[in-house]
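This report covers a predicted model.

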Amino acid sequence: MNLTGVGLPRPRRRVSRVAASAAFSAILMLGLFVGVASAQDVEGCLICHGDPNFTDPTPPENLEEGEDLSLYVDAEKFLGSVHDELKCSDCHKGFLLTIPNHQIDVDKDFRQVAIEACEGCHQEAFQQYQTSEHAQRFYEDQAGPICISCHGSHAIRRVNLGEESADFKMSMARDSCGQCHEDKFEQASHEFHFKALSLGYERAATCFDCHGFHDNLALTSGEPETVEACRQCHPGANKGFTYFQMHLQEGFQDAWWGVRAVYYLFSTLLVVVLVTGIAYTTVHFQKETRTMLGVFGRGAGRLFGFIRHLEEESVKEREGRPNGPEDHSNDKPENDHRGML
Amino acid sequence: MAAGTDAREGVRLVYRRFSAFHRFNHYLVMISFFGLVLTGIPLKFKDSVWAEFFMDLIGGVEGAGFVHRVMAVFNFTYFFLEMGYMAWYVAARKGPLFGPDSIVPGKKDWQDIKGMFRWFLGKGPKPRFNRFTYWEKFDFWSLMAGTVLIGGTGLMMWFPEFTASLLPGVSLNVALVLHSNEAFLATGVIFIFVHFFSAHGRPESFPADEVIFSGSLPLDHYIADRPAEYENRLRAGTLDQVVRPAPTGPMTRVNSWLMAIFSVVALFAATYTMLLVVWPLLF
């Protein structure tokens, strides 16, 4: 089974092909010239497609009025992607610079062609993908993801299997899995692994570490697969370990009651202690300050009085300081107390 | 002649409040507390723009995790030292556990609280405190209780697989909620509002109470601050246990320096916490 025959929605043309060809054959003539001159697939294609304002002159009919279908390909991103050595026509099969309408078989949907191209070079990944719930859902109603839903098309990043960067893990979770599994991503992002990940800790688990990516997706607490999933990084994990609740709402509404109880208890405690703590400290602080400074008079004079007092204190301390340790070697503290009575 | 100065020889006398053991423990508390806050808070408030910056500064999640664990060990150390001391205090009959000198709360604390509120309202004199005031006791015991809770849940998460071999995995969810909320309570409330203000921020001790660094305070301050203890000791004739000639020599300078350093660190820690916690609320 392959992706051929799975009907992706095909854009319909507003202008008939015959009329349109007149409109942009001029451009194509130019392209032909430049294309042949450069003879390079990527560079040649980017002469037109590398322009950020390049839009489809014959956009499909179902496009909103005033909206353009951009045909721009960011050259920098493409050349920074893992496919920098590929030619455009490796994916866009049948696109040539040397023919006027630059797609050999115009009846083929170009997207379909490009998507199917992945399969040709990545057999193994495709085979794995075929067995997944995602593929099933895609063949059923196109709700499941295909290669480009997760990887993108022109800016595909290197994976570095086994030593993915924190940034890769995070962006995969947020920009691909998170696009369809919004709730699960939102929930996971309050959890330890994701907090650590978003602070750059690449060893922490992201979606695909636990769930897998091309196959083996669903996990259920207590199942042996789940134990295996955790064991990749927690070698001592047992069945009980997998009852850790990975996906919980921020306020823990969906959590086990014990988690909720602790959460509500401590949130309440926090507020109560915070409010009473601040109130009490303010009163205490204010009373104590007033009592102490009150000795020195009123208004601004109070401040000067206090400063003078501090100066006197330091003078007293300097004068009262003993000359050396021997000065009080035969000192008897008991006598002093009697003196002070 | 001012109280606390020897009439004949001009030797200044001080009240020795904290032994070297207690001061050492306070250093452990300070170091571990700051260490734990600095390495733990960014994880809790990872959405703050500052979180990543600070996290990178302290060596990323991995480095922070390591420091956090070392500090946790310090934390356990002072806890067990303090509890051990208390056991020894009772065993060696240094004093009754519920006596006036003890850190254990008693009936007098309740009276002091009431007296204090009367004083706030201008309806009575300021209560005459014993060796430890009620807010000091609150400070101490909330720290000890917090250490048990945070330490226990921290250990659970340090060894999650071991925890899961005893308890179901959801206990780790509970542990995290408890750890993080209690830590926040400890930092935000006990630490900044109660301890900083009541111990170090009051006008007579601002910006830091020297007594916990030098161990002693001038006799006249002592008499004004803890009149009840002073009178008890006077009556019992045990004042000589706590009154000493003022310490001299290089240690006094070292203590002042340490105090200055830790004041700056504390200020930094408070700013740091505020940046992480309050900043996201405002912006």
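How much area do chain B and chain A bury between them, and what share of it is on carbon and sulfur atoms? In this predicted model, the two chains bury about 5300 Å² between them, with 71% of that area on carbon and sulfur atoms.

**The interface**

On the residue level, 57 residues of chain A are in contact with 60 residues of chain B. Nine residue pairs are in polar contact across the interface of chain B and chain A, both residues of each pair being at pLDDT 80 or more. Helix α7 of chain B, residues 170-201, supplies the largest share of the side of chain B that touches chain A, namely 14 residues. Sorted by class, that side of chain B has 36 nonpolar, ten polar and 14 charged residues.

Side chains of opposite charge can pair when their charged atoms come close. Over all chains, the structure holds 15 salt bridges.

| Residue in chain A | Residue in chain B | N to O distance |
|---|---|---|
| Arg203(A) | Glu62(B) | 3.0 Å |
| Glu288(A) | Lys126(B) | 3.0 Å |

In the pair of Glu288(A) and Lys126(B), Glu288(A) belongs to helix α14 of chain A, residues 257-294. Its partner Lys126(B) lies in the loop of chain B between α4 (107-120) and α5 (134-158).

Which strands form the open sheet of chain B, and in what order? Three strands take part, in the order β2-β1-β3, and the pairing is antiparallel. The edge strands, each of which pairs on one side only, are β2 (216-218) and β3 (243-245) of chain B. Direction ignored, neighbouring strands of this sheet are turned by 45° against each other on average.

Strand β1 of chain B covers residues 13-16 and pairs with β2(B) in the antiparallel sense over three bridges. Within this pairing, Leu217(B) in β2(B) stands opposite Tyr15(B). Strand β1(B) is also joined to β3(B) by three bridges, and these two strands run antiparallel. Here Val14(B) has Arg244(B) in β3(B) as its bridge partner.

Terms used:
Residues numbered from 1 in each chain as written. Chains lettered and ligands numbered in written order. Predicted model: local features only at pLDDT ≥ 70, side-chain atom pairs only at ≥ 80, totals over all residues. Heavy atoms only, no water. Contact = heavy atoms within 4.5 Å. Buried area = accessible area lost by both parts, 1.4 Å probe. Salt bridge = Lys/Arg side-chain N within 4 Å of Asp/Glu carboxyl O. Polar contact = N/O pair within 3.5 Å; in protein donor to acceptor, adjacent residues only side chain to side chain. Helix = DSSP H or I, 4+ residues; strand = E, 2+ residues; numbered from the N terminus. Nonpolar A, V, L, I, M, F, W, Y, C, P; charged D, E, K, R; others polar. Pairing = 2+ DSSP bridges. Axes fitted to C-alpha atoms, helices over the stretch in contact; angles between N-to-C directions.
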